[in-house]
Amino acid sequence: DKGRRTLPGPLGGFRLALVGDLLALPDSSIHLPGLMALSTTELEAMTDKLNLIAGATGITRFVTHPDGVEDARWRILGSRLSPEIAVSIENMDLRKRSFRTLAELDSLIDTHPYLTVTIDICHWVEQGLASSSAELIEFMRRRRDRIDGIHFSVPRTQSSVYRRFPEIETA
């Protein structure tokens, strides 16, 4: 729109001043759907859309859960993304089957250089692990160049940690 960056789709209905203010904020990201739910054709189309969104808005960080995503799908995603785009994996959720451990996250980001990590502190605590865990602190120190986000999500499990603190809603 006359050289100005705008948000795509239904978000384009925001007032232009608000869009400019939103896009000027640092560290914006977009949360992606689960990649396993997409066919290969849909995954390729989504990757093309990520490139368009990054070009139109300047948002280059996309967060997703890696649960169950096979290596071949990560390779498809990585082969089609613009080099400035980072896909940040966030997991450790007890409801997920894979990528709940730091070792799994380590291995994944070693294999795919375009992947970064968003650590969800609440998912970590839901596993019965301390937020002051030496393992977590060491991972964060060692991988600081690949960690691009921290989430404080609303936990959805009924972990005993949250029952001790009723002010934390676990809806």
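A contact here means heavy atoms within 4.5 Å. In this predicted model, residues 24 or more positions apart account for 70% of the contacts with a separation of 6 or more.

The protein comprises 7 helices and 5 strands. Read from the N terminus, its elements follow the order α-β-α-β-α-β-α-β-α-α-β-α. Of its 171 residues, 40% count as buried.

Confidence in the model averages a pLDDT of 81, and 81% of the residues score at least 70. Over residues 1-6, however, pLDDT stays under 50, and the model has 12 contacts beyond four places in sequence for this segment. Where pLDDT is low, the predicted coordinates should not be read in detail.

| Strands paired | Sense | Bridges | Bridge partners |
|---|---|---|---|
| Strand 1 (residues 30-31) and strand 2 | parallel | 2 bridges | His31 and Val63 |
| Strand 2 and strand 3 (residues 86-89) | parallel | 4 bridges | Thr64 and Ile89 |

Between strand 1 and strand 2 the chain passes through helix 2 (residues 40-57), giving a right-handed β-α-β crossover. A right-handed β-α-β unit is also formed by strand 2, helix 3 (residues 71-80) and strand 3.

In a regular strand the side chains alternate between the two faces of the sheet. Within strand 2 (residues 61-64), Arg61 and Val63 point one way, whereas Phe62 and Thr64 point the other way. All four of these residues are buried.

Technical notes. Residues are numbered from 1 along each chain as its sequence is written. This is a predicted model: local features need pLDDT of at least 70, side-chain atom pairs count only at pLDDT 80 or more; totals for chains, interfaces and linings use all residues. Side-chain values use heavy atoms; hydrogens and water are left out. Buried means under 20% relative accessible area, exposed over 50%, partly exposed in between (1.4 Å probe, protein chains only). pLDDT is the predictor's confidence in each residue, from 0 to 100. Two strands pair if DSSP finds at least two bridges between them. A crossover is right-handed if, with the strands pointing away from the viewer, the path from the first strand over the helix to the second runs clockwise.
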